[in-house]
Amino acid sequence: MLNGASGWTKNRLKKSGNHHQIKFFMDLFAKFLEDRGPLGKWSRTAHGYYTFPKLEGELGSRMQFQGKEKIVWSVNNYLGLGNHPEIRKVDEEASRDWGLAYPMGSRMMSGETSYHEKLEQDLAEFVHKEEVLLLNFGYQGIMSIVDSLLTRKDIVVYDKDCHACIYDGIRMHIGKRLPFEHNDIESFEKQIKKAKIFQEQTGGGILVITEGVFGMRGDQGILKEIVAFKKEYGFRMLVDDAHGFGTLGATGAGAGEEQGVQDDIDLYFSTFAKSMASIGAFVGGDSEVIEFLRYNLRSQIFAKSLPMPLTIGNIKRLEMLRTRPEFKDKLWENANNLQKGLRDRGFDLGNTSSCVTPVYMHGSVEEAMVLVKDLRDNYDIFCSVVVYPVIPKGMILLRLIPTAAHNQDDIDQTIEAFTAISEKLKSGAYAKQAELIKPE
């Protein structure tokens, strides 16, 4: 609770003649009463249904939402490993044998184990990098990587659509920051030329950051096109491939493998939260660079080591990802059927070149809320909805994440439901109901 009606306090500074000079200060928290942010303003209307919904029951293509079964397209369990019996067995045994406390302390001080080293070695071999550093979390991991790599003399060039974790890492950089238009090679070339000029002035280095797959749009980053500029401009390249790892490439090694440029990616980053349905992340590169990060990455040096059950569970997940190609094959069978079925019905899926399936519609935030409620309550389809300020005003993005756990019945039912709600949106049916919805 915020104390005081106004949130303002006044301090008597000094006396001047018969008058007092009074200065007013705002309480730090008082501003939240007036402005809860572009998403926060909807919190009281949306919380528990549109935001922070509770999906319950066994992890899979169909789960419980508010006591009723729904087809779920919002879980990044790409390969269906999250609830696989072999995975569950390893997770259970590792938890029983080790507990969640072991190992204690950071890896640098007291939390190193042969299992952590094995996971790193297995990952390095799989993504074709000399060495890999295991990270506790993806978000904090890549933030800390960016922070560790850059000094005030360095220049960072990055795709405007990069994930929030990359933006947060870049925000900590006090040197030059040059964004280029999303997947626009002409814009990239313009910015890399600027970076070269700044480099001559500062004597620093240049880091280019992009993604293997952009999680909202589903399109792959223009890795091959960017790599073509490396020799001339001498930059280093960091790629966040959270959605490409395990889903793209002949072996599943990611977008770099898919585009034939994995060896040209200086630092390859991904998380376990998607294809491996777990917790943790990693970054791979040349040994000397990984060694530098191992001894300078503050988010790992000052954090407890990844618990043993998660480490052993991730070793098993990676083993299955590498040796069971049928999971990736099933994923792509479902993704292709879903995307073809939606396109055949006239839906706009943008430029997706991955399993991420964005469906673009036109409407207000309020119409989106009515549409999603209809989709969940009356058609038993649960998917994520994205609206302004994440995407431009007047747009609605329904994002579907197909997995190997889905089946053709799930796909057919979803396509029929999307056809129905699209017709209602175009007819203005949702607009009438939307008039009653306002942020609080």
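Buried means under 20% relative accessible area, exposed means over 50%, and partly exposed is in between. One thing to keep in mind: this is a predicted model.

**Exercise 1. Get to know helix α5.**
Check the span of α5, then work out which of its residues are buried and what covers them.

*Solution.* 
- Step 1: Start with the span. The expected span of a helix is 1.5 Å times one less than its number of residues, so the 13 residues of α5 should span 18 Å. The end C-alpha atoms of α5 are 18 Å apart, which agrees.
- Step 2: Now pick out the buried residues. In α5 they are H116, L119, E120, D122, L123, A124 and F126.
- Step 3: Look at what lies over them. The cover includes the helices α4, α12 (287-296) and α14, along with β6 and β12 (281-285).
- Step 4: Go to the start of α5. There, a side-chain oxygen of T113 comes to within 3.2 Å of the backbone nitrogen of Y115.
- Step 5: α5 is followed by H128, with a positive phi near 60°. H128 isn't a glycine, and its place is in the loop between α5 and β6 (131-135). Its relative accessible area is 43%, so H128 is partly exposed.

**Exercise 2. Pair α5 with α14.**
Find how α5 (residues 114-126) and α14 (residues 308-323) cross, and name the residues that make the contact.

*Solution.* 
- Step 1: Take the axes. Those of α5 and α14 come within 9 Å and cross at roughly 25°.
- Step 2: Classify the angle. Angles under 35 degrees count as roughly parallel, so α5 and α14 are roughly parallel to each other.
- Step 3: List the partners. From α5 come Y115, H116, K118, L119, D122, L123, E125 and F126, and from α14 come M308, T311, I312, N314, I315, L318, L321 and R322.

**Exercise 3. Now α17, and its neighbour α15.**
Describe α17 (residues 408-427) from end to end, then see how α15 (residues 325-344) crosses it.

*Solution.* 
- Step 1: Span again. At 1.5 Å a residue, the 20 residues of α17 should span 28 Å, and the end C-alpha atoms are 29 Å apart, which agrees.
- Step 2: Check both ends. At the start of α17, N407 has a side-chain oxygen that reaches to within 3.0 Å of the backbone nitrogen of D409. Just after α17 comes G428, with a positive phi of about 90°.
- Step 3: Find the buried residues of α17, which include D410, I411, T414, I415 and F418.
- Step 4: Bring in α15. The axes of α15 and α17 come within 10 Å and cross at roughly 20°, which makes α15 roughly parallel to α17. This crossing is right-handed.
- Step 5: See who meets whom. N334, N337, L338, G341 and L342 of α15 meet Q408, I411, I415 and F418 of α17.

**Exercise 4. Follow Q220 to N183.**
Is Q220 buried or exposed, and what does it touch?

*Solution.* 
- Step 1: Locate Q220 in the loop between β9 (206-211) and α9 (223-227).
- Step 2: Compare its accessibility with the cut-off. At 13% relative accessibility, Q220 counts as buried.
- Step 3: Look for a polar partner. The Q220 side chain makes a polar contact with the side chain of Q259, at 3.0 Å.
- Step 4: Among the residues Q220 touches are N183, F214, L248, E258 and S353.
- Step 5: Move on to N183, in the loop between β8 (176-180) and α8 (185-202). N183 has a positive phi, near 50°, though it isn't a glycine. With a relative accessible area of 21%, N183 is partly exposed.

**Exercise 5. Find a cis peptide bond.**
Which two residues does the cis peptide bond with omega of about -5° join?

*Solution.* 
- Step 1: The pair is Y102 and P103.

Notes:
Residues are numbered from 1 along each chain as its sequence is written. This is a predicted model: local features need pLDDT of at least 70, side-chain atom pairs count only at pLDDT 80 or more; totals for chains, interfaces and linings use all residues. Side-chain values use heavy atoms; hydrogens and water are left out. Helices (H or I, at least four residues) and strands (E, at least two) are DSSP runs, numbered from the N terminus. Buried means under 20% relative accessible area, exposed over 50%, partly exposed in between (1.4 Å probe, protein chains only). A polar contact is a pair of N or O atoms within 3.5 Å; within protein, one must be able to donate a hydrogen and the other to accept it, and residues adjacent in sequence count only if both atoms are side-chain atoms. Contact means heavy atoms within 4.5 Å. Axes are lines fitted to C-alpha atoms, for helices over the stretch in contact, and angles run from 0 to 180 degrees between N-to-C directions. Angles under 35 degrees count as roughly parallel, over 145 as roughly antiparallel, 65 to 115 as roughly perpendicular and the rest as oblique. A crossing is left-handed if the near helix is turned anticlockwise from the far one by less than a right angle, and right-handed if clockwise. Lists of a residue's contacts leave out its neighbours within four places in sequence.
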